[in-house]
Amino acid sequence: MKPEIAMNQSEMTIVKKESQKLKRWKAFYKKFKRNKLALIGGYIVLFYILVAIFAPIISPQDPFKIDLVNKLQPPSLDHWMGTDDKGRDILSRLIFGSRLSLTVGFVSVFFGAAIGIILGLLAGYYGKWMDTIIMRIVDVLLAFPGILLALAIISALGPSLINVMVAVGVFSIPMFARIVRGSTLSVRKLEYIDAIRALGATDLTIIIKHIFPNILSPVIVQATLRLATAILSAAGLSYLGLGAQPPSPEWGAMLSSGRDYLFSAPHIALFPGIAISTLVLGFNIFGDGLRDALDPRMKK
Amino acid sequence: MLLFIIRRILQTIPVLLGVSLVVFLIMQMVPGDPATLLAGEGATKQTIEMVRHELGLDRPIIYQYFDYVFHAIQGDFGESLRNNRPVLDEIMIRLPITLQLALASILITVVLGMIAGIISATKQYSMADISIMIIALLGISLPSFWFGLMLIYFFSVNLHIFPVAGWGTIQHMILPAITLGAGGAAIVARMTRSSMLEVVRQDYIRTARAKGLKEHIIIYKHGLKNALIPVITVVGLQFGALLGGTVLTESVFAINGLGRLIVDAIRTRDLPMVQGGVLIASVIFVFMNLAVDVLYRYFNKRIDLN
Amino acid sequence: TSDKTSSNASGTKAQAGGTLVVARLSDATTLDPHFITDIPSANVVYEKVYETLVVPDKNMEPQPLLAKEWKQLDDVTWEFKLQEGVKFHDGAPFNADAVKTNFERLLDPKTASPQAGKLEMIKEIKVIDETTVQFVLKYPYAPLLSILESNEGSIISPKSIKENSDKIGQNPVGTGPFVFDSWKSGEEITISKNKDYWGNKPKIDGVVFKVVPEDATRIAMIETGEAHVTDQVPVTEIERIEASDTMDLYRTDGLAVEYLSFNTKKKPFDDIRVRKAVAHAIEVDAIIKGVYNDIGTKANSTMSPKVFGYDPTIKGYEYDINEAKKLLEEAGVKDGLEFTLTTSDRKERINMAEVIQSQLKGIGIKVKIQVLEYGAYIEATAKGEHQVSIGGWGNATGDGDYNQYNLFNSKSQGAAGNSAFYSNPEVDQLIESARKESDSEKRKALYSEAQKIEREDVPYVPIRNYEHLAVYGKSVNGLWLNPANYLMLEDITVK
Amino acid sequence: MKQVNENILEVKDLETYFFTDEGTSKAVNKVSFSLKKGETLGIVGESGSGKSITSLSLLRLIPSPPGKIVGGNIYFKGEDLLSKTDKQMRSIRGNEISMIFQEPMTSLNPVYSVGEQIAEVIRLHQNLGKKEAWQKAVDMLKLVGIPSPEKRAKQEPHELSGGMRQRVMIAMALACHPEVLIADEPTTALDVTIQAQILELIKNLQKEFGTAVILITHDLGVVYESCDRVAVMYAGKIVEYTTAKELFENPKHPYTIGLLNSLPRLDMDQEELTTIPGTVPSPYNMPKGCSFAPRCAFAKKICEEIVPDLQHIDQSTQVSCWKHTVQWDREFVLHEKVGVE
Amino acid sequence: MSITVEEKKVLLSVNQLKQYFPIKGGIFGRTVNHVKAVDDISFDIYQGETLSIVGESGCGKSTTGRAILRLDEPTSGTIQFQEKDLLSLSKKEMRKVRKDLQVIFQDPFASLNPRQTVEQILNEALAIQNVVPKENRKHRIEELLGHVGLRPESMERYPHEFSGGQRQRIGIARALAVEPKLIICDEAVSALDVSIQAQVLNLLKSLQRQFNLTFLFISHDLGVVRHISDRVMVMYLGKVVEIADKKSIFEQPQHPYTRALLSAIPVPNPVQKRERIILTGDVPSPIDPPSGCRFHTRCPFAIDICKSQAPELKISAQNHQVACHIVS
Ligand SMILES: Nc1ncnc2c1ncn2[C@@H]1O[C@H](COP(=O)(O)OP(=O)(O)OP(=O)(O)O)[C@@H](O)[C@H]1O
Ligand SMILES: Nc1ncnc2c1ncn2[C@@H]1O[C@H](COP(=O)(O)OP(=O)(O)OP(=O)(O)O)[C@@H](O)[C@H]1O
Ligand SMILES: [Mg+2]
Ligand SMILES: [Mg+2]
C-alpha cells in the first residue's frame, strides 16, 4: 500500500466520521421536523428564548416605570396588555420577566431532574438497602412541606436567585426519583444489560451508557410537566425572601399580583397566565417530539 | 403481603426519626424566634425572655430534641407554643378534614383524568384528543387560587349552587375538590392516555375482540383495569402532593386542614406543632405510598412477584 | 356614654335576634386576656365575653363600665367604685376581690403573662370594701386608664382563675354580654347572648367568628350572605364593594400608623441629613392614593390623630426633591445612595416598597427591596440587621405613651418597637416625664415637645394613618369598629 | 356455488394492506384457500410472512389504522364475512369462528380470573346466566384437562403455568363449539413435552366436535404431525398449497425445499445445514417479480420481472413458481405476454 | 470435527453448583424459602467442544449459564476456569476474566441496546476489555462484521433496522469481539426462524472451527442440539439427569425424561416417526421439589424407591452418565 493512499484513507475516515455525526444529527432533525406538532412546540419555546435574549430591544416600555396615575389600565394601543396595579406596562414586564422565569423554570427543573435521576438510577439499579434508603428519603421529601424546605434553604444558603432554583429543584427531586427508579427496574432486567455486564463493564458504564438513555422518555414527559409548577412555585417563594425580589417581573409573581384584581382588572392575571400556559404547552409538545426523535426505534 | 405491609410500616420508624430531626434542625436554623412572635408587638426583652423560659426554649438544643423524641415515642407530641393545646388534638381536628378533602379531590382527579384520558386515547389525534390535552396542560399551569376563586364567583356568588366556604357537607366539598383535583386530573389524563394507548395494543384486547365483545366493554372492562396500573402510581404521587399542596386551596375555601395548620405553625415558629404536623403528614404519606405499592403489586403480580 | 345610652334606647325597641357571622383572617390563639397578644384573639372576647373596668368611646375617651366611677387619690393611688350586682357567667359575683385576683394573677411572675410588662407599675391592689378597689402604683403613671380599658384589663371570673387557671384560654368566663360557647380550633368560635347580662342586653343572639384566610373569599361570603361582616378588607376591593348592592363598606380611623424606619445605628442613616433627604424624596400622597386607594390619611407623625398626645401642628416633611438632593450633597453622599429596604410579606407593604423604590430613583437613590417572611422580618428588624424597613405601629390603648415609649425610648430598641434604634436622651426624658404627669394638658405638651424633636431627628418617616375597613351585608345594622379595630356589638342587628 | 356445501370457509384473493408512513405493506397479498368441515389446514412460513394477519383478517380483527382489508372475499358457510355488519361479525366471533393466540402469557387478561374470562364468552353467545356460564367454564377447563378446575377457574392467569394458560385459551376458544378454530402458533411458547400434550388435546377435541382447524405455525414438524393440508406462505403470498404428505415427501416450491433443508435433522449428522441465502424482503420494498427470486437458486429473468400465480400442478397441489410452468423453459422476452396461456 | 478422548482438556469445571434464589418474607424481610433453581450439579466442559444443556423451561439451564458468568452470585459450589475459581475472584479480577467468557442471549432484540448503532455496540465491547488499540478498532469492527457475515455499512445502523437473524449476528460479533475462549449461548437460536436459524448455526460452527471456541449451548430444541453438540446434558428441575455423548444420548436415551423429551419432538420425517411418550402434568415447582427423584411425579415408570431416594448420577455406558433408579 502506498503511503499516499493510506493518508487518503485516514483522511477519508475522518471526513466520514464527521459526516456520520452530521448525518445522525440530520436524521434526528429530520425525524423531529416530521412531527408537525413538535415543531410548533419547538418554535414556541424558541420564541420565548428569543424574547428573553432580546428583551431590552423588543420591550416597548420600561418594565419598572411606575405610573400610579395610569394603573390598572385595560389593554390599549399604548399598553397592548394593559398596565398593572402600579401602572407598569404588562407587556414589557412579561418580556423582561421571560428572562427570570425561563431561567428559573429550566434550571430548577434541570437541577431537580439531575438529582432525581441519579437517586432513581441508584435505587433502581442497586436495589436492596440502597433502594430502601433512597426511596424512604424520597418519601420524606415528598411529605415535607415545601415552605419548610424553602425556609431551610434560605437560612442555609441565603436568599438569591440561584437558591430559588435550588429550592424549586429540590421539590421536584422525589417525582423524578420515583419515575426513574421504576423505569430503571424494568430496563435493568433487559438482556442487553446482562450482555454488557458479561463483557466486564463497570456499573457506572452500565448505568450511564445503557440505562440512562433508556429511561429518558418518561423523564422528558415529567420535566415538561414540572416546568409550570416550577415557574409558579418560584413565585410562591419570593415572599419568603427567597425568590426574585420585587419589582422583578417574574411571571408567577405577576400572576399572583393579579389575585387582588381578578374581577376589577382581570388582564393582570390573564396575560402572565397565558404566557406560562403557552410556554408550558410548547415545551410539552416539544418534549414529546424530542422524545420520539431521540428514540431510534420510532421510525416516523 | 401482610408481612410486606408490616415490614414497610416498621421501616417508617427510622424515617420518622429522620423527619423529626430534620424538622428540628431546620426550625433551629430558620430566622424568626417563637418567643418574640408570641410575646407580641411591643414586648420588652424581659417579657420575651420570660416567654422563652416558659416555653422551655432556653434549654440546650440537644436536650430539647431528645426530650421531644422521648415524649413523642410515648405518643405525647407536646403542646402548641401558640395556644398551649395538645398538638395531637389540634392535628386530629384537621386530619379528617384534610383526608376527606384529599380523597374527594383524588376522586375528581381520577374520574375526570381518566375519562379525559380514555376519550383522548380512544380518539387519538382527534379534535377531542387535542383539546383535552390542551385543557389539561392549561390545568397544570393555572394556579389553584385563581381557579378556586373563579369557581367561587361562578358557582357560589353568581349561581348560588354551592356555599362559598367552610366544610361539613358534600356541597362544601365539591368546589375545593375540583380546584385541588384539576391539576392532578391533567396529569392523570396524560398518563391514562398513554397507558391506554399501550393497553389497547395488547394481545388480550385482541382476545377480547375475538370473543365478539362490544367495543365499549372491551375498553372499559378489559382495557381500563389494566391501564390503571401506571395511573395508580401517579395518583399515589398526586395524593402526596395533595397533602402538601392544599394550603392555597384550604385558604381560598376556608377549610380547616392540615396544610394550613402546618404552614401557620411554620410562620409562627410553633415548633411542636410543625413537628407533629410534619410527622403526621409523613405517616399518612408513607401509608399512602404503601397503599399504592400494595395496589400496584396486586395489579402487577403477574409481572413481578418479588 | 352618650353612644351607649342612644343604643340602649333603640335596643329595647328593635326586635332582637339573629346570629352574626363574622369572617376573619385568622383564628384566635388564646382567649385568656392575660395571654392574648394579638387582635384576632382579643376581638372575640373584648367587651363581649369579658368586660373592663373602663371602656373607650368612639373618641378613645374612657367611660365607666365595670367601674361606675373613679378618682385619682394621689400621684400613685387610683380608686375605683365598682358596679353592683354583677355576676360572672359561672355565677361568681363581681366585686373588689375579683378585681384584685385578676390583676394579681396578671402580675404574678409565675403566671408569666406577656402583658405583665404593661402593668408593671402597679404595686398593689387594695380591696377597700366589696365595691371599692384601689390601685397603688410604684411611680406616677398617667395613662393607667388607657391600659385598664384595653384588652389586658379584662376581668376574668375569679372562680375560674382559682379552679382552672390553665384552661381560661380555651374557656373564657367573664361578665360580658356574651357567653362563650365553643371553639373549633382553626375554624370558628361561637359566643351567644348572655341572658342574665347586667347591662343592656345585645340585640343579636350570638356571634360566630369564622376563619377565612383569603380576602376574596371573605368578600364573596358577604356577597352571598354566608357571613355578615368582615373586618379585614383589601384596599383593592373597595370600588367593587361600594358598587355592590349586597354589601356596604364601613370605614373608621384607626390608631395605627405606617412608617419607614431608618436604622440610625448604621451608616449612612446615622446621618440625619441622609434621613431627611429620603424623607423629602418620598411623595406620601402618591403612596396613599396609588397603593392604598385613598384609604387612610397622610401621617404627620408616628402617632395617629386619634391617639392621646397627638400634636396637629406638627407636619410631615414636604415632598421636595431639590431639598433632598441638597441634603445628600451636604451629607457627602456623592456617588449615589444605595440601600436595602426590608419589609414583611404583606402585599400593601411590598407595593409601598416598590413605589418608594421608584420615587427614590428620581433623585438617584438606588433601593433594593428585601421581602421577608413575617417571622424573619421581625427577627431582622429586632436585631437591627436592616438598613431601612417598613413598619407599622398599632396602638391598643389609644394613649401616646404606648406609641412614644415603644417607638422612641432607647430602652425599647429592637423587638419592643424601636426598630430605628433611635436614642435621644432628651426624648427619653420627655417620655418618662409624660408617663408620670397626671395633668393631661401638661402631658400633651410633653408629647408635643417630644414629637418636635423626633421630627427633626427623623428616625422614622411617617407615611399613613390607618383607616379600618369592614365590609358588611345589607342585612346588618349598627356596625361599629372602635379605633383599636375591635368589633363592637352593642347596637348591631342582623335581619 | 357448489363448493359451499363442502367448504365451510373459503378465502378468495384476500388482500390486507398496512398503510404506514413508510409506505404500503402488502401483508396479505391475494391469498386464497379453503377449509372443509373437520379438516386441519396448516399455514407455515417465516416470521412476517403474513400468517397472523391472514388469520386476523378472517375475523376482521386487523388493527385499523394502519391495516385494512382491501380486497377479496371470505366466504363462511357461503356468506361473505367482509360484507357483514359489525354486529353480525361480533356474533360470529368467539361463537362460530374462534381463535387461539400465540402467546398464552399475554393473550389472557391479567386482571380477571380465567374462569371469568371463559364464562364471559359463554354468556355472550349462549345467553346463559352467570352461574350456568361459570359452571360451563369449569366444565370446559375440565375438558381441556386442567386438574381441579373449580379451583383453577378462580385463579388469575399469572397463577397458572404456561401450559395451563394455553389450555385456558383453548377452553375459551372451544367454549361455544365453533365451526372453525384458528390456532395461531398455539405452542410456540411452550416446551416440547407440553406442546405434545396441547396438540394432542386439540386433535381430540377436534374429533369430538367436528371443528375445522386452521393451524398456524412455523414449526414444520408440528404441521407434519397435525395437518391434512398445508399452505406455505412467503412474503404475504401462498407459495405452495398441498397435502401435508405431499409437502414433506415432494416439496415443489424452492422456498419450501429450502425450508425443509434448513431443519437440523435428528436422523443424520450434517456438518453444515443447508440454508436459504439472504433474508425476507422488506414488506415496503418488495421485488418486482417473484418475491422469493432474490434468494432463489433457480431464479431466472422471468422470476425477477413477473409475479407468478398460484397454479394447480395436480389435483391436490398448487404452487406459485415459474419453475413449474410451461414458461420456464422458454426464452423470456420482456414484451411477450405471459400468463395468457 | 469431534474431539477424541485423548485430546480432551478440561476448560471449565463446575462442581456442586447450587443456586438458590431466596424468597423474602416475614417482617424483617428474612428469607423464608428458596427457589432451588440449580441444586448441586457438577460437569466439565472440554476445550473446543460444544456441550449442550437441554430441558424444560425453568429447569435451571439459564441459571447455570448465568452462574458461570457470575451474572448472579451462586449459592455454593466452585467454577474452575483455567485453574481459577471464578467464584472467589474479586469484582475487578472477574472483569478481566470476562474477556474469556462470553454470552449470546436468546432474544436478538432485547440483547442489544436499541439506542446504540452497531459500531457503538462493538466499539464498546472492544473498549471495555481494551483488546484492540483505539485507532485499530474501526478496522477490527469491520473484520468482526465480516466474520459474522454482515457488511461494513451495517455499522451505522441501529439494531431495529436489522432482521432477527442479523441482530443475532451482531450479538455474536459482540461476543467474539473480545476473543473469548468460552461462549455461552443461552437459547441463541430459539427465537429465529428455521431458515435463519440454519444460517446462524452454520456460522457458530464455522467460528468454532476458526477460533477454537468452546460452546456451552443452552437450548430446548433437540434438533438444534443434535446438530451442534458434542455432548448433551439433560436437566430436570435443577438437577442433571443425564449427560452423555450426542450419539449415545440420541440413540440410547436412558433416563425416562430424556426419552419422553426425544419422543415429543414433532419431526417432519415419515421414517422417523415413533411412539410418543406423552407426559402428563406440569413441571413441579422448584421451590418445593418432589422428594426422591424429582421426576417421579411425571414418570410413567416410577417405582417406590423413586419417591424416597434421589438417584445419583452414575456412569451407565462409555461417556454416558444417568441419574435414574430404573436404569441402573
Ligand atoms: N400493525 C402493523 N403495522 C404495519 N405493518 C404490520 C402491522 N402488523 C403486521 N404488519 C405487517 O404484516 C406482515 C405480516 O405480519 P404477520 O404478523 O402476519 O406475520 P406472521 O407470519 O404471523 O409472523 P410471526 O411468525 O412472526 O407471527 C409483517 O411483515 C408486517 O410488516
Ligand atoms: N433471579 C431469580 N430470582 C428468583 N428465581 C429465579 C431467578 N432466576 C431464575 N429463577 C427461577 O429459577 C428457576 C430456573 O430458571 P432458569 O431461568 O434457569 O430456567 P431455564 O431452564 O433457563 O428456563 P427457560 O427455558 O424458560 O429459559 C425457575 O423456576 C425460575 O423461576
Ligand atoms: Mg404471527
Ligand atoms: Mg432460560
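1. Contact here means heavy atoms within 4.5 Å. By that rule, the meeting of chain C and chain B involves 38 residues from chain C and 41 residues from chain B.

2. A word on the basis. This is a predicted model, where local features need pLDDT of at least 70 and side-chain atom pairs count only at pLDDT 80 or more, while totals for chains, interfaces and linings use all residues. Residues are numbered from 1 along each chain as its sequence is written, chains are lettered from A and ligands numbered from 1 in the order in which they are written, and side-chain values use heavy atoms, with hydrogens and water left out.

3. The size of an interface is often given as the accessible area lost when the parts come together. Chain C and chain B bury about 3,200 Å² between them. Buried area is the accessible area (1.4 Å probe) that two parts lose on being put together, summed over both. Carbon and sulfur atoms hold 53% of it.

4. Next, the pairings across this interface. The rule finds three salt bridges between chain C and chain B. A salt bridge is a side-chain nitrogen of Lys or Arg within 4 Å of a carboxyl oxygen of Asp or Glu. Arg267(B) and Glu373(C) form a salt bridge through their side chains, at 3.5 Å from N to O.

5. Which elements of chain C give two or more residues to the side that touches chain B? They are α6 (215-224), α12 (374-383), β16 (388-393) and α13 (400-408). α6(C) gives the most, with seven residues. Helices (H or I, at least four residues) and strands (E, at least two) are DSSP runs, numbered from the N terminus.

6. Now ligand 2. It has 13 residues around it, and Ser57(E), Gly58(E), Lys61(E), Ser62(E) and Thr63(E) come nearest. A residue is near if one of its heavy atoms lies within 4 Å. A polar side-chain atom of Thr63(E) lies 2.3 Å from an oxygen atom of ligand 2. For a polar backbone atom of Gly60(E), the distance to an oxygen atom of ligand 2 is 3.0 Å.

7. In the shell around ligand 2, α1(E) supplies the largest share, three residues.

Technical notes
A polar contact is a pair of N or O atoms within 3.5 Å; within protein, one must be able to donate a hydrogen and the other to accept it, and residues adjacent in sequence count only if both atoms are side-chain atoms.
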